[in-house]
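Hi,

Here is the structure I said I would pass on. Have a look at it first, and then read on for what turned up when I went through it.

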Amino acid sequence: EIKADEGLVSVRVGEKWGLHPTSRHASYLKYSCDIENDGKINELFECKYDDINTRFRYVALKLNNKWSYINVSLEDGSVHVLCDHKYDYMFCTFSGFAIVMLDNKWGHINSEGKEICGLKYDDAYGFVQKMEYDIINNCQIDYLNIAGVCINGKWGFIDENGNEVCEPMFDEIKMWHGEMDGYFYEAYLGNKTYSLSKTGVFVEK
């Protein structure tokens with residue numbers, strides 16, 4: 001099995017995963033050919049991991065039920081370990097952040113592998129950038145990076161420094177993807193729906 005994401009390709013042989021940094025299309029061709037013909041793979045890492053997920057050059061690796069977080073240079077393939085064999089669960093999101101869980105408490109780590117506000121939540125979603133497209137100037141405007149967090153059954157949002165930009169108050173949140181504004185959140189309270197404004201305030205739609 002082959003997974004490609006912005007220059008990194010993860011490959012499964014049997015029940016184990018490995019990784020190789022290269023261009024997306026070249027990787028598809030190379031690995032499809034190698035696996036089909038003789039099963040020989042010239043991977044960066046030995047296919048020994050229980051699971052892998054990637055976002056651009058950031059990689060979460062599961063081995064012996066613990067997750068590590070690394071940064072891989074797409075230029076020379078060098079590896080920087082950001083945290084090693086620490087968490088019970090990890091999932092890469094945007095801007096170098098990852099969702100992490102340890103002992104059933106959730107939080108986020110940043111592009112340096114550091115927890116931004118400790119693991120204190122009952123659940124967590126990934127970071128997404130609130131954005132709009134400026135049609136007049138033909139450019140994209142990014143103005144807030146937020147993640148959903150849940151505590152005591154209520155959902156709120158934090159920024160990339162771990163500060164609460166919206167205290168937990170919503171019954172539910174959902175992440176959507178729009179053609180012009182990328183990924184974005186909607187929040188729900190009772191029968192009302194809220195969306196994020198440019199000032200970081202959720203307003204009723």
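The lining of the second largest pocket splits into seven nonpolar, two polar and three charged residues. That makes twelve lining residues, with Tyr49, Leu61, Ser68, Ile70 and Asp84 lying nearest the centre. As for where they come from, β5 (58-63), β6 (66-72) and β7 (79-87) are the elements giving two or more residues to the lining. β7 has the largest share, at four residues. The volume of this pocket is about 150 Å³.

Before you read too much into any of this, please keep in mind that the model is predicted.

Now for the overall picture. If you take contacts between residues at least 6 apart in sequence, 35% of them join residues at least 24 apart.

Next, the nonpolar cores. The largest one has 13 residues, and those with the most contacts inside it are Ile146, Phe157, Phe170, Ile173, Tyr185, Ala187 and Phe202. At least two residues of this core come from each of β12 (139-151), β13 (154-159), β14 (164-170), β16 and β17 (192-196). There is another core apart from that one, made of twelve residues, including Met101, Ile116, Tyr121 and Phe127.

Skipping residues up to four places away in sequence, Ile173 touches Tyr125, Gly148, Trp155, Phe157, Tyr185, Glu186, Ala187 and Tyr188.

Glu186 sits in strand β16, which covers residues 182-189. Why does Glu186 count as buried? Its relative accessible area is 10%, and the cut-off for buried is under 20%. The Glu186 side chain makes a polar contact of 2.8 Å with the side chain of Tyr188. Beyond its neighbours within four places in sequence, Glu186 is in contact with Glu172, Ile173, Lys174, Trp176, Thr193, Tyr194 and Lys205.

Leu189 is also in β16, but Leu189 counts as partly exposed, at 28% relative accessibility. Leu189 and Phe170 are 19 residues apart in sequence, yet their C-alpha atoms are 5.0 Å apart. Again leaving out residues up to four places away, Leu189 touches Lys154, Met169, Phe170, Asp171 and Tyr194.

Most residues other than glycine have a negative phi. Phe56, though, has a positive phi, near 60 degrees. Phe56 is in the loop between β4 (51-55) and β5, and is partly exposed at 38% relative accessibility. His85 is the other one: its phi is positive as well, at about 50 degrees, and it is not a glycine. His85 belongs to strand β7 and is partly exposed, with a relative accessible area of 38%.

Last stop, Gly14. You will find Gly14 in the loop between β2 (8-13) and β3 (16-21). Is Gly14 buried or exposed? Gly14 is exposed, because its relative accessible area is 53% and exposed means over 50%. Gly14 and Cys47 are 33 residues apart in sequence, with 9.0 Å between their C-alpha atoms.

Cheers

Note on methods. Residues are numbered from 1 along each chain as its sequence is written. This is a predicted model: local features need pLDDT of at least 70, side-chain atom pairs count only at pLDDT 80 or more; totals for chains, interfaces and linings use all residues. Side-chain values use heavy atoms; hydrogens and water are left out. Buried means under 20% relative accessible area, exposed over 50%, partly exposed in between (1.4 Å probe, protein chains only). A polar contact is a pair of N or O atoms within 3.5 Å; within protein, one must be able to donate a hydrogen and the other to accept it, and residues adjacent in sequence count only if both atoms are side-chain atoms. Contact means heavy atoms within 4.5 Å. A nonpolar core is a set of buried Ala, Val, Leu, Ile, Met, Phe, Trp, Tyr and Cys residues joined through side-chain atoms within 4.5 Å. On a 1 Å grid over the protein atoms alone, a cavity is a set of points where a 1.4 Å probe fits but cannot get out, and a pocket is an open set with protein on both sides within 12 Å along at least five of seven lines; lining residues have an atom within 4 Å of a point. Grid points are joined across faces, edges and corners, and a volume is the space filled by probe spheres set on the points. Ala, Val, Leu, Ile, Met, Phe, Trp, Tyr, Cys and Pro count as nonpolar, Asp, Glu, Lys and Arg as charged, and the others, Gly among them, as polar.
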